[in-house]
Each structure stands twice: as C-alpha cells, then as structure tokens.
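This briefing is meant for a reader who is meeting the structure for the first time. Please look over the sequence and the model shown here before reading on.

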Amino acid sequence: MAMPTAVAARTGAAAPPRARRTRLFEIAEIRWAAASLVLFLVGLAAQLSGAPSWSWWALYLACAVTGGWEPALGGLQALWEKTLDVDLLMVVAAIGAMSIGQVTDGALLIVIFATSGAMEALATARTEDSVRGLLDLTPDAAVVLRDGDEQTVDATDLVIGDVVLVRPGDRIAADGTVVGGASEVDQATITGEPLPVDRTVGDEVFAGTLNGTGTLRIRVDRRASDWVVARIAGLVDEAVRTKAGTQLFIEKIEQRYSIGMVAATIAVFVVPLLWGEAVRESLLRAMTFMIVASPCAVVLATMPPLLAAIATAGRHGVLVKSAAVMEQLGTTTRVAFDKTGTLTRGTPEVAEIHVLPGTAFTEDAVLRLAAATEHGSEHPLAEAIVRAARQRDLPLPEAEDFTAEPGRGVFATVEGRAVRIGSPTALLGAKASQGEATSQSDSDHARDSSARLGDAVADQQSRGRTAVVVVCDGAPVAVLGITDRDRQESAATVADLTRMTGTPPVLLTGDSHITTSRLADRVGITDLRTDLLPEDKVTAIRALQSEGERITMVGDGINDAPALATAHVGIAMGGTASDLTLQTADAVVVRDDLTTIPTVIALSRRARRLVIANLTIAATFIAVLVTWDLLGHLPLPLGVAGHEGSTIIVALNGLRLLSSSAWRRAQSGRS
Ligand code: ADP
Ligand code: MG
C-alpha cells in the first residue's frame, strides 16, 4: 500500500477546499490523441477538397505517427519481454492498411485507437484524483492545546492523546473522540452520508470531515497513517490494482488468442494467394481480419463495470477492496450475520448488576472492578461496563496483565485480585448457564452457589439480556445483565436478503440461545447458532460452504475475523469494527447502515450482468465481422467502424454503473 502519511505530508501548505482534478491536457495520451485527431481532420479536409495527394498523404502519415508511436513502442517493448499485446497488432494492421493504399482507413484506425487509449488514461487519472482528493481534504495544520497553550502544529506530527481545537467551518485534522463542545459534522467524504451528524462529547470524528457551526475539542485517537481516510485511500488504490477473476482469465487467454490471431492472419493472406488471388485483395482481407478479430472489446468488458461499481459503492459508504470481491458479492447464496454490533447497535447498556448472595461486594464495588478490567477491551460489552462505571462516577483503578480471549471474555489483575469477566458458557461450562449444578462430587455449598449463579444467568437471559459473569479470585461474584437495542434497519435488511437469496440469513453468535432467540424472531431469522467461539463460527461457515453455499459473512468484532476470512466474502461493520476486522474483511460498511449490504449485492449482480452482456457483444461482433470478412467482402472502413464501435459500446456500458442512479436502482432492485 502506498504510504498515506507521505502523501498527506506532500500536499501543499493551505488545504484546498476541493481536490484538484487533473486537467485534460496534463495527460500525455490525450495530447497525442488530440494532435493525431487534428492531423486526421486536416488531412481529410485536404483529401475531400481535392488538394494534391502528397499533401494529405503526408498529413495522414503524420497523424499515424503521432497517434501510433506510443502504442507501437509499448507493443515492441512487450514483444521484447516475449508477450504479444493487442496494441501492437492494431498498429501493424494500420501500417498494413496504409501500405496497400488505404491511408485514410489506416489513419482513422490509429486515431480511434489513440482516442480509446486516451479515455482509459483519463479514467485512471480521475480515479487517482479521487484517492488523492480524499487525502487532500485533511488539513495540514492543527491547533493543539498543550500546557494550556494553543499551538499550531503539522497534522502529521499529532500524537495519540493530543487535544485538538476545531473551530467552526474547519476540517477536522485527525481521527479522534470529542472531549468538549458540540457541533454538526459533515462526514460525506468518509461515509457518503449526505446529512451532517450531531457530534458531542464521547462521539467519534474522522480526519477530513467538515465541522459545522460549533467549536469542538478532540482527543486524537490514531496516528496519521491509521486515519480512516488514509485507509480508504489505500483501499481504493489497492482495488484498482487487483484484478477480477474473469479479468485474470481473459488476460491468460489473450496471449494465446493474439498469437493464434497472427497465425490466422498469415493464413488468411497466404492461402488465397495459392489459389491465385491478387496480392492486394488478399492483403486487404488479411488486414481487415486482423482488425476485426482483435479482442479489444473483450479486454474492456470486465474491469470497467466492476471498477465503476466499486466507485459507486464507495461513494455510498461501502468500501469493496478489489474487483474480485465485487465480482463475487453477486454470487452470494446465503448471508451470515454476527449478532452483537452487527444486527444490534453495538452500544449496549448495563441494565442490572446482580450481586450473588454470600459475597462481600456491593454493586458499585463489582462495577468498579469489572470496569477496571474491561478498560483495555474494545468489545461493545466492555464499553458498556466502563460507561456504566463512569455514569456512577466510580474512579477506576489500574489493571495489570490484561488479556482478552475473543468470544469468551477478558481477565486482568486489579488491586491484587484476579478478575475474569465473560460469557457464562466460557467461564463456567454450558451446564451452569442452564441453571444446573456443575458436578456431583462438589460440596453442597458449591452446588448451591452454582445453582444460584445458574438461576441468575437464566433470569437475565430470559429477559433478552446478555448475561456476563464476573469472577473474582476464582469465585463468581456477580452477573451483569446487558441490553442492546436492535438496529432499526435489521428486520428490513434480513427481509431483503431473504428475498434475494431465497433463504433467510443465518445468525452466528457467541451469546446464549435464550438471549438471541427473541432478536432472531424480531428480525426474521430462523437459523440461529449460539454459544459459538470464534473457531466455531469458522466451522459453521465451512459446513455451510460444503453444502455448496456461497457465504457472505457480516461481522464487527475481533471474534468475527477468522469467520470473515473463511467466508467467500467477509464484510465488516466499520462503525463498530476493530482494526483487525477491518483488515481481514473484503469489504467495509463505513456508513453504519445494514441496508447497504443488500444494495451492494444487487449492484454486484448488475455489474456481473453487464460483464456478461459486454462479453456477448464483443464475441458477437468478432464472430459476425470475421465471418463476413472470410466468406464475403467486408470493406476495411466498415470493419474498422464495427470493431471500434463494439469497443466503444462495451466501454460506455461499464461506465453506466458510475452514476448515482445506479446505486438508487440497485436499492430498488434489491427488493
Ligand atoms: P457476538 O458473536 O454476538 O458478536 P462475541 O463473540 O463478541 O459476541 O461475544 C460472545 C460472548 O462472550 C458475549 O456474549 C460475552 O458473554 C462474552 N464476551 C466476549 N468478550 C467479552 C468482554 N470483553 N467482556 C465481557 N464478556 C465478553
Ligand atoms: Mg460482534
């Protein structure tokens, strides 16, 4: 990945309000193509106005050299490295056509060819612009509050923990958390969300987003290279460079096809000669053959629709990391959801602290220990516990030896006590969570307390809460009942996906069956698999895959990372997801909205249909024109027009997915 920090550092002193667009004539290919076009038009005018033939000959020749030298050079270089590319074949065809007197056709071929090359260069430059533009939007300087003073520093020199002052109308200089003030922030650059969102103390903000009318104080949470905006830029960069499966396949056969085509061209030239045909006729037919059989349209069939779909999805808050992923999304036969943070909002609250009888702790004492232990965890449940302690103004002691076991819980030493917090199943075995005694051989006392613990857990779970057990020095001391609200769009999303794939999604969660079943009912999921550890989620996905399902897994936590990597496509919920999850996932939903998932699947399906349509168009044109040339008499200009025409149709077809209406159509098409 390109170093985003370096890029950010290179951008000029005053941050421009909008990204600078590469101007047309800054692109060399466009200059050459334009010159070639002008020479062609002047030549044509000369020819039609009856000027002496040497004059328009010279103009056409100049046109061919201007437009053709670059592809010719590139083609020769490729040949030197023992690959034969289509560019070279087109130049040879043009030279061939001119050598038998068809100068206008030869020059026209070069002009059209150079123009399509220039269009490609323009598309690439625009993509690069948009990547650079994202980074350009982050300010270069920031006002930091250090020792009560306001200092202006380079944004890239900010360190984690710095408090930055953001004035009204400023762009925010770093990823961080609001620690003072309130404002509306326009996050469109990151999430594609058109409306500003209210941000106040405790909320997360992103570098490059635009502050509204309030003044904010922000604590820096990430270094410049980890900013979400820098990561997005890196992802887009990567997506452009990685190729879709279909494209790789095409490139593999392109080589053999090109070589076969040269052989066929020679045959088309030589065989009629043996039958006594005139050299000129035969050469003309062979040149026409070479042009119409070129796979230009085939080469352009795949990547433009997929890249356009990636760009459109990106603008609407879904980052798809590669064309291969965009291609695969549409083949999804079943979606698997994680629960906490994915189908639920991931901002849970501690509803009850049930201190077990016979322990010497108060609610506050339990919460204080629990919050101190959870302080180092990124899990939504951990954040709920820490928040609950803050709400009660409990000062948190330092924790030592913090360890997290994803999907199970955490432990640490607090004030000399060994504290463990986690799921009843993981800490106590499945039996305890069902309200049964753990073992026959236990003493009566142990059996009693274990039964009480089981009851407390079952009680919380039957109320739809997630039960978390707090264990202190080996003895369970409390059960926390934690509630989380469903995302408002969960049910609609599940309904859409059920309709699209023909089967309801499956729910994979580390939480208990009792807690989960109500949520499953509400959102319309019937297949729920509960009490899963991270590795169990992987096993569940493998099992579904062995039944022939193509699974798209949606999750947010570290515990989901292995499952995301196993699924055909792994999607991370960016609002709540951990860094590891973001890295493992194939796609990231940055705008915290589940409905984008069916939409992006519908968009991928459209892109796939376009690829197939494109390949069909390309193949049909080639088949018809080649047959026409071999069996009848295909005039060279018609051959050139047909070939370039199909190339342009295919190229424009791909761009159709670039418009905002493409996203809207995918939104309505998903249901
Ligand atoms: P999900 O699969 O629904 O996202 P997780 O796998 O992240 O849930 O967690 C499964 C269970 O493990 C939780 O319900 C909770 O009981 C326990 N757990 C995991 N991490 C923690 C933590 N940091 N603190 C407390 N409990 C935890
Ligand atoms: Mg989760």
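Helix α4 is mostly covered, with ten of its 14 residues buried, where buried means under 20% relative accessible area, exposed over 50%, and partly exposed in between (1.4 Å probe, protein chains only). This is a predicted model, in which local features need pLDDT of at least 70 and side-chain atom pairs count only at pLDDT 80 or more, while totals for chains, interfaces and linings use all residues. Residues are numbered from 1 along each chain as its sequence is written, and side-chain values use heavy atoms, with hydrogens and water left out.

**Whole protein**
- The protein has 25 helices and 22 strands, which are DSSP runs numbered from the N terminus (helices H or I, at least four residues; strands E, at least two).
- Of the 671 residues in the protein, 49% are buried.

**Helix α4**
- Spanning residues 86-99, α4 reaches 20 Å from its first C-alpha to its last, close to the 20 Å expected at 1.5 Å a residue, the expected span being 1.5 Å times one less than the number of residues.
- Among the buried residues of α4 are Val86, Leu88, Leu89, Met90 and Val91.
- Just after α4, glycine 101 takes a positive phi of about 95°.

**Helix α14**
- The twelve residues of α14, 363-374, reach 16 Å from first C-alpha to last, close to the 16 Å expected.
- Buried residues in α14 include Val366, Leu367, Leu369 and Glu374.

**Valine 270**
- Valine 270 lies in helix α8, which covers residues 245-274.
- Valine 270 counts as partly exposed because its relative accessibility is 32%.

How values were computed. Chains are lettered from A and ligands numbered from 1 in the order in which they are written.
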